[in-house]
Amino acid sequence: MRNTTAIYLKESHYDLVSLWRTPGFFLPAILFPVVFYIFFGIVFNFSAAQGEYMLVSYACFGMMGPAFFNYATAVASDRAHGWLTLKRVSPMPLGAYVASKFYSSQVFALCIALLLFITGAVFADVEMYLWQWGTLLVVLLLGTLPFALIGLLMGLCLSDKAAPAVVNLIYLPMAFLSGLWVPIQFLPDAVRSIAFALPSYHYSQLAHAVIGTSQGQSIWLHIAYLVLFCAGMFGVIYWRYQKLSR
């Protein structure tokens, strides 16, 4: 058990180090949602309540990104260069490889959340109770799991050249259709019906429930959707991985 834990920790450490040495990945991932929030949540916003709403929405948008890209692009690249095959035949448990990428995406998601929280509190006069800040952070971090699974599936299915483009084709429209760029109540009814089928909508609604700005559905409905979605993704990922292993 001690050796297994050490392997998981070491793999997570080296995966994080490799990302920190790739500024082309972490700088856009961290700065993109912050810049978006500054423009659309602060500069073009004149309401403190709207500032809180947009802070939560852009936090959801920003924290989905590392989970998507870290899995999709890295796994696709490792497959293309034979690194994933080497990992599979090595004594290292494959779970350490998968868990290390989730750890790395969580570190970057944490950085994004803290930058947005500080920006909102200092420049947009966002005020919340301490328990709300803490609960919101936990919900935002744990809620990235469905998007990590989507990214992992894309990494197992796509080539290393196609993965970044396909991730953007899924990530950006999903964020818009879920009301993460424009509040969901301002979108057409047809878009709202689409949003209800997306994991990003249920993720954002759980986050908005912390500050009382959700659409009013039961939080258990959102939790049940995300749990079932993750279970389904685990099944598809297992099937795809078994197919690659043959």
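Tutor: A residue counts as exposed when its relative accessible area is over 50%. The model discussed here is predicted.

Student: Why is valine 227 called exposed?

Tutor: Valine 227 has a relative accessibility of 52%. The cut-off is over 50%, so valine 227 counts as exposed. Valine 227 belongs to helix H11, residues 219-245.

Student: What makes proline 173 partly exposed?

Tutor: Its relative accessible area is 36%. Buried needs under 20% and exposed over 50%, with partly exposed in between, so proline 173 is partly exposed. Proline 173 sits in helix H8, residues 163-177. Between its C-alpha atom and that of tyrosine 53, 120 residues away along the chain, the separation is 20 Å.

Student: How do you know that aspartate 125 is exposed?

Tutor: The relative accessible area of aspartate 125 is 53%. Exposed means over 50%, and therefore aspartate 125 is exposed. The loop between H5 and helix H6 (130-142) holds aspartate 125. Its phi is near 55 degrees, a positive value in a residue other than glycine.

Student: What makes the contact of aspartate 15 with lysine 101 a salt bridge?

Tutor: The distance from N to O is 2.8 Å. The rule asks for a side-chain nitrogen of Lys or Arg within 4 Å of a carboxyl oxygen of Asp or Glu, so the pair of aspartate 15 and lysine 101 qualifies. Aspartate 15 is in helix H1 (residues 2-20) and lysine 101 in helix H5 (residues 94-123), and the pair links distant parts of the chain, 86 residues apart. Both aspartate 15 and lysine 101 are buried. The count by this rule is one salt bridge.

Student: Why are H2 and H5 called roughly parallel?

Tutor: Helix H2 (residues 23-43) packs against H5 at an angle of about 25 degrees, and the axes are 10 Å apart. Angles under 35 degrees count as roughly parallel, so the term applies to H2 and H5. The crossing of H2 past H5 is right-handed.

Student: Which residues in H2 and H5 meet?

Tutor: On the H2 side they include Phe25, Ala29, Ile30, Pro33 and Tyr37. On the H5 side they include Phe108, Cys111, Leu115, Thr119 and Gly120. By class, the contact has 15 nonpolar, two polar and no charged residues.

Student: Why is H7 called roughly antiparallel to H8?

Tutor: Helix H7 (residues 145-157) and H8 pack at an angle of about 155 degrees, with their axes 11 Å apart. The limit is over 145 degrees, so H7 is roughly antiparallel to H8. H7 and H8 make a right-handed crossing.

Student: How many charged residues are in the contact of H7 with H8?

Tutor: Phe147, Ile150 and Met154 in H7 meet Val166, Val167, Ile170 and Met174 in H8. That contact has seven nonpolar, no polar and no charged residues.

Student: Why is helix H10 described as largely enclosed by the rest of the structure?

Tutor: Buried means under 20% relative accessible area. In H10 (residues 199-211), 12 of the 13 residues are buried, so H10 is largely enclosed. Among the buried residues are Tyr201, His202, Leu206, His208 and Ile211. Glycine 212 follows H10 and has a positive phi, near 80 degrees.

Terms used:
Residues are numbered from 1 along each chain as its sequence is written. This is a predicted model: local features need pLDDT of at least 70, side-chain atom pairs count only at pLDDT 80 or more; totals for chains, interfaces and linings use all residues. Side-chain values use heavy atoms; hydrogens and water are left out. Helices (H or I, at least four residues) and strands (E, at least two) are DSSP runs, numbered from the N terminus. Buried means under 20% relative accessible area, exposed over 50%, partly exposed in between (1.4 Å probe, protein chains only). Axes are lines fitted to C-alpha atoms, for helices over the stretch in contact, and angles run from 0 to 180 degrees between N-to-C directions. Angles under 35 degrees count as roughly parallel, over 145 as roughly antiparallel, 65 to 115 as roughly perpendicular and the rest as oblique. A crossing is left-handed if the near helix is turned anticlockwise from the far one by less than a right angle, and right-handed if clockwise. Contact means heavy atoms within 4.5 Å. Ala, Val, Leu, Ile, Met, Phe, Trp, Tyr, Cys and Pro count as nonpolar, Asp, Glu, Lys and Arg as charged, and the others, Gly among them, as polar.
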